[in-house]
Amino acid sequence: MTDQREKTSEEIEELLGEAEKAYHALRLEEALDLYQKARRLEPASFAVHLGLAKTFTRMRRQKQALAAAHQALELAPRRSEGHAILGTLFFLADQNEKAREALERAIELNAQRPEPRLTLAQVYADLGRTEDAENELERAQKLIEDIPERQQRRSLQAMALHARTYKNLAEGDDKKAMELAEEIIALGEANPHASCLAYANLGILEARKRRYEQATEHLEAAFRLNPYFYRAGGVLGRVLLVQNQHERAAEVLEKVLDLTPDVDGAIRYTYGMALAKLGQREKAFSQYRQALDKGLRSLDGLAARWKMIWLSRTGRYIIIGLLLAAILAWLVLARPSPQLITLVAIVAVIFILQRIMSQRG
């Protein structure tokens, strides 16, 4: 029996080692499979549930990540790592006060771990507590510098640069944020997750400046590294639409929705736009409907409703009928000159031709 336990323990350790490597390299499906195999061997392992929580977090599966994190905390309530991953999950869900409490608890239990401090610095940045954010970054940096193992030190240095990038973005210093993102990418394979975040930040910043080719290049790199990072995929889809790359936009957004079907309505709305451009009216209509069901609001919500009416054959006929009635009323009541009628006709023809060309493009 003892020999069997030792064999099982060795097998679990091997699985956990391989899972950690896959997790670090962003081979998330492989990591998830390995952690689940380890869980079947040892259901009450803190390390297993912590690994599952971390992996689900990077896959943006919030509910599953929370369940695994709470399970880990039940098994070891005084382990700093459990509170740290819980804080990260709250931070990603924009629940900053809950995130702050969990991360401060993680630091209280183990003040020598830099990771909770890096996340807490980002939480403070969101809360506008700039000085507190800077203090946590400096403390984390000192802890990282004291790490003897080079690979681990470089990996955490990349995450420290990302946390500082986040702080710069919160403060509106886009130039400095871009410089730091470039530094992260220069670290190469030290931390693929940090590189993914850096590429995404660069892509979003370039898109804001309407430098769409550069934005596409960076966002494609982020999406290759982690296709589960749906925010990067969603922005990439929009940028591709702006560049009239409708097929690629639809391909990217379809993959985003396949991997993370519970994403917000904005991504489904963008996917609907791509499908409409490709002439796939029924699929586009379905995506607009689902986007509204997800709570799409503001101008996008109004646009989605308008597009649904236009994509509906009955709705389209009603709109055309109303437009023709308005034109007829204008001709009868306003009695415009022949020159004005000709001008309106030319504008209408140009508009129709533009619509036809855009649908073909």
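# Briefing: helix packing, aromatic pairs and loop residues

Leu26 is buried, with 8% as its relative accessible area. This residue sits in the loop between α1 (2-24) and α2 (28-41). The model described here is a predicted one. The protein has 19 helices and 0 strands, and 44% of its 361 residues count as buried. Among contacts in the protein with a separation of 6 or more, 53% are between residues 24 or more positions apart.

**Loop residues**

- Leu26 is not a glycine, yet its phi is positive, near 65°.
- Leu26 counts as buried because its relative accessible area of 8% falls under the 20% cut-off.
- Arg210 also has a positive phi, about 65°, although it is not a glycine.
- The place of Arg210 is the loop between α11 and α12.
- Arg210 is exposed, with a relative accessible area of 67%; the cut-off for exposed is over 50%.
- Asn191 is found in another loop, the one between α10 (174-186) and α11.
- The relative accessibility of Asn191 is 5%, so this residue counts as buried.
- Apart from neighbours within four places in sequence, Asn191 is in contact with His24, Ser155, Ala158 and Met159.

**Helices α5 and α7**

- Helix α5 covers residues 80-92 and helix α7 covers residues 114-126; their axes come within 10 Å and cross at roughly 30°.
- Angles under 35 degrees count as roughly parallel, and α5 and α7 are therefore roughly parallel to each other.
- The crossing of these two helices, α5 and α7, is left-handed.
- On the α5 side, the contact is made by Ser80, Ala84, Thr88 and Phe91.
- On the α7 side, the contact is made by Pro116, Thr119, Gln122, Val123 and Asp126.
- Sorted by class, the residues in the contact of α5 with α7 are 4 nonpolar, 4 polar and 1 charged.

**Helices α11 and α12**

- Helix α11 (residues 192-208) packs against helix α12 (residues 212-225) at an angle of about 155°, and the axes are 7 Å apart.
- Angles over 145 degrees count as roughly antiparallel, and α11 and α12 are therefore roughly antiparallel to each other.
- The crossing in which α11 passes α12 is left-handed.
- From α11, the contact involves Pro192, Ser195, Cys196, Tyr199, Ala200, Leu202, Gly203, Ile204, Glu206 and Ala207.
- From α12, the contact involves Tyr212, Gln214, Ala215, His218, Leu219, Ala221, Ala222 and Leu225.
- By class, the contact of α11 with α12 has 13 nonpolar residues, 4 polar residues and 1 charged residue.

**Aromatic pairs**

- A pair of aromatic rings is described by two values, the distance of the centres and the angle of the planes.
- Searching the whole structure gives 2 aromatic pairs.
- One of them is formed by Phe91 and Tyr166, with 5.5 Å from centre to centre and 70° between the planes, and is edge-to-face.
- Phe91 lies in helix α5 and Tyr166 in helix α9 (residues 150-170), and the pair links distant parts of the chain, 75 residues apart.
- Phe91 is buried because its relative accessible area is 8%, under the cut-off of 20%.
- Tyr166 has a relative accessibility of 22%, so it counts as partly exposed.
- Tyr269 and Tyr288 form a tilted aromatic pair, with 5.7 Å from centre to centre and 45° between the planes.
- Tyr269 is in helix α15 (residues 265-277) and Tyr288 is in helix α16 (residues 281-293), so this pair ties together parts that are 19 residues apart in sequence.
- Both tyrosines of this pair, Tyr269 and Tyr288, are buried.

- Ala303 is located in helix α17 (residues 298-311).
- The relative accessible area of Ala303 is 22%, so this residue is partly exposed.
- In sequence, Ala303 and Tyr288 are 15 residues apart; in space they are 9.3 Å apart, C-alpha to C-alpha.

Methods
Residues are numbered from 1 along each chain as its sequence is written. This is a predicted model: local features need pLDDT of at least 70, side-chain atom pairs count only at pLDDT 80 or more; totals for chains, interfaces and linings use all residues. Side-chain values use heavy atoms; hydrogens and water are left out. Axes are lines fitted to C-alpha atoms, for helices over the stretch in contact, and angles run from 0 to 180 degrees between N-to-C directions. Helices (H or I, at least four residues) and strands (E, at least two) are DSSP runs, numbered from the N terminus. Angles under 35 degrees count as roughly parallel, over 145 as roughly antiparallel, 65 to 115 as roughly perpendicular and the rest as oblique. A crossing is left-handed if the near helix is turned anticlockwise from the far one by less than a right angle, and right-handed if clockwise. Contact means heavy atoms within 4.5 Å. Ala, Val, Leu, Ile, Met, Phe, Trp, Tyr, Cys and Pro count as nonpolar, Asp, Glu, Lys and Arg as charged, and the others, Gly among them, as polar. Rings of Phe, Tyr and Trp (its six-membered ring) pair if their centres lie within 6.5 Å; planes under 30 degrees apart count as stacked, over 60 as edge-to-face and the rest as tilted. Buried means under 20% relative accessible area, exposed over 50%, partly exposed in between (1.4 Å probe, protein chains only).
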